[in-house]
Amino acid sequence: MATRYTIEEADLLAASAAIQSLWVANLSGHSADSAAAKLNLGYRDNPAGRGIALLLFSEGSPVAKGVHGLHPRRFFFGARSLNVAGLADYAVDEAHRSLGPALMLMRSGMQLGASRFDLTYGLPNAKAAPVCTRAGLKRLGSMRRFAKPLASREYLSRHLPAWLASAGAPLVDIALGLADRARVWRDEVKLSFTESAWSEPAFDVLWEQRQASLLLSQRCGAMLRWRFGHPQRGSWHVCVAHDAKSVPFGYVIWRVHDGFAEVGDFFSREPQRQTEALMLAFASHARRLGVRTMSVLFFGDSAVAAQLERSGLRVRGDEIPVFTSPGLEAELSSPERWYLTAFDNDAD
């Protein structure tokens, strides 16, 4: 006899232990501490609104077998303000991962998002992506990873004898640096680029000057502090770029793991024209710190993607599918309207 399942909207306080236990057991890289931080920051203390968690139960058991989260976000498109939900933290115990209960949980999240929010989107991992498709979510495309080497020794050592890699790396590094200098000269944009505090007023200045043609998750100073500045979020840094007249030009948020710089967010007044200069300024800063590789995630406007490539970043194989709720209005159904970075991924 087939097991019956039910879905319940969780009381985030009463069900906190069950939610965190499911995350630790089923989401890679989570500990009790990180799961507690996720629940507090992403759901209870989210400045865009209180989050929602749906729990999956099998008949006859009081223990939840799965969980699906909806993270509130405030998006802007021109003068419009949109109440948005990011589908995230989808976890089902192994014994209950058959298509029936997994699909039931995903559909419940999609339906709840459609009933309470203006727009719902998701950035699932490889295992959850087929369930999103079966649940009826619409795939817009993929968030792609752009990467660029800043130092060559580690890469050369994989393909050459150690002595030759050591001898050749300084010459290759000089060539990499000169290539970036040539790009800066071509772009003719000279920026000062300095590490800043999370209280930096330039964040609000840049946000107020955002492009009306892009669909953007709110990036005011308060939201950036919530997403990256809290100690429980990890060791994120932020650098602000200013132009020759000391006017805020843009920012890059990043952290380093073993010489690898992961960019959490990047933004400028006109991303379609200014992203190349911003990325080149960051690459120069990262080199001075001894960073060997930098990586950026992006989905959306092809002009922004082209700017990333002009800065020397190249698309790698890693992709994260981007799904939205069905019935999305025509104006927002084009990837050209979107601007998503790792900032918009609530999975961490």
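Colleague: What is the relative accessible area of R310?
Modeller: The model is predicted: local features need pLDDT of at least 70, side-chain atom pairs count only at pLDDT 80 or more, and totals for chains, interfaces and linings use all residues. Residues are numbered from 1 along each chain as its sequence is written, and side-chain values use heavy atoms, without hydrogens and water. Buried means under 20% relative accessible area, exposed over 50%, and partly exposed in between (1.4 Å probe, protein chains only). R310 is partly exposed, its value being 38%.

Colleague: Which residue forms a salt bridge with R310?
Modeller: A salt bridge is a side-chain nitrogen of Lys or Arg within 4 Å of a carboxyl oxygen of Asp or Glu. For R310, the closest N and O atoms are 3.0 Å apart, and the partner is E276.

Colleague: How many residues apart in sequence are the parts tied together by D89 and K38?
Modeller: The side chains of D89 and K38 meet in a salt bridge (2.7 Å, N to O). D89 lies in strand β4 (residues 80–92) and K38 in helix α2 (residues 32–44); helices (H or I, at least four residues) and strands (E, at least two) are DSSP runs, numbered from the N terminus. The pair therefore ties together parts whose separation in residues is 51.

Colleague: Which residue is linked with R219 and D265 in a network of salt bridges?
Modeller: D265 and R219 form a salt bridge, with the closest N and O atoms 3.0 Å apart. Both residues are buried. The network that links R219 and D265 also includes D344.

Colleague: How many salt bridges does the structure hold?
Modeller: Among them are the pair D89 and K38 and the pair E276 and R310. The number of salt bridges in the structure is 10.
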